[in-house]
Amino acid sequence: MSLGSDDLTTTLCNSIQALGRGFDVTSDIRLLYCKGATGSRLVHIDEEHARDLDISHELVLPSVSFDIDCSPGKRSIERIPVCSFHESGGPDWDVKLGRVDSLSTSQEDSNNIMPSPRANASLLIDLFERFNLSVKDLVALSGSHSIGQARCFSIIFRLYNQSGSGGPDPMIETKYREKLNKLCPLGGDENVTGDLDATPTKFDNGYFKDLVAGRGFLNSDQTLYTFPETRKYVTLFSKNQQAFFRAFVEGMIKMGDLQSGRPGEIRSSCRMANSRPVRALMESQVRD
Ligand code: HEM
């Protein structure tokens, strides 16, 4: 399809509007909470100082921030499929604003609660319970793996040495295992990525259908079908997409309401603690 020059201008203007807002398959779901007010950006772009931007001799875009430039670059086609959460078909919910975030960041703190792809359902149930998230929340939120990819690194043990057995996880369906073996050969590049379900750009209940068929990518995914406590929800969601969407929204709202109880602040940019005058920062360090 070829675009007329009006269409092209609209498309380019929309692309410029989207810059810095964090819309992609991954961040859309994970950063939804920090996007804040409509139109806010994750990356600061000076909106006040603008000029007309020359894209080519026939095409000039009006009122583009000085922070955004156009580089002619090489002609190439972007092959990585990226679409917005809405394009991918997920459910809607109202995102609450004004919750407090941490005053600093800690890799250790996040490692302590980040579930491992090797985890089994009973471990995951315990972990989610620590945050008042139910078994149903766990299964529904795992349905987030209906979109996106993971690295071979996350499944290599599962393919070649599950639980120290020296063999693969017996729960993987044979044809799917052959496919994963090709994608992630032993000794191969563990940064190669594979789809988390058969329709990785579409947010649907295909993930759960895959689990029922033994085609879960991560051990932590497949285990949800192996364990009786979680299996009933996998079965339900595999048959009823609306039930999945309802439970997913409930889980996302509960997860978004979590607060640590530690001192915090409402961030002006979700990606970093609010800036403080250096003097105040030094004083607070001394007090701590
Ligand atoms: C239940 C426990 C969970 C485990 C063990 C888990 C583990 C993982 C792992 C290992 C990856 C791939 C990372 C890599 O190989 O680089 C991944 C990707 C992903 N996870 Fe989870 N996850 C869990 C729950 C969640 C939840 C609750 C959400 C959001 C609600 C989520 C959203 C995602 C998304 C969207 C991706 C794809 C990222 C991409 O394509 O770049 N996960 N997860």
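At what angle do helix α5 and helix α10 pack, and how far apart are their axes? In this predicted model, local features need pLDDT of at least 70, side-chain atom pairs count only at pLDDT 80 or more, and totals for chains, interfaces and linings use all residues. Residues are numbered from 1 along each chain as its sequence is written. Helices (H or I, at least four residues) and strands (E, at least two) are DSSP runs numbered from the N terminus.

**α5 with α10**
- Helix α5 (residues 135-142) and helix α10 (residues 228-239) pack at about 50°, with their axes 9 Å apart; axes are lines fitted to C-alpha atoms, for helices over the stretch in contact, and angles run from 0 to 180 degrees between N-to-C directions.
- That angle makes α5 oblique to α10, the class left over once under 35 degrees counts as roughly parallel, over 145 as roughly antiparallel and 65 to 115 as roughly perpendicular.
- V135, K136, L138 and V139 of α5 meet E229, T230, Y233, V234 and F237 of α10, contact meaning C-beta atoms, placed from the backbone, within 7 Å.

**α4 with α5**
- The axes of helix α4 (residues 121-129) and α5 come within 9 Å and cross at roughly 105°, and the two helices are therefore roughly perpendicular to each other.
- L124, I125 and F128 of α4 make the contact with V135, D137 and L138 of α5.

**Ligand shell**
- Of the 20 residues around the ligand, P117, S144, G148, A150 and R151 come nearest, where near means a C-beta atom, placed from the backbone, within 6 Å.
- α2 (25-31), α5 and β4 (149-151) each supply at least two residues of this shell, and β4 gives the most, with 3 residues.

Notes: Contact = placed C-beta atoms within 7 Å.
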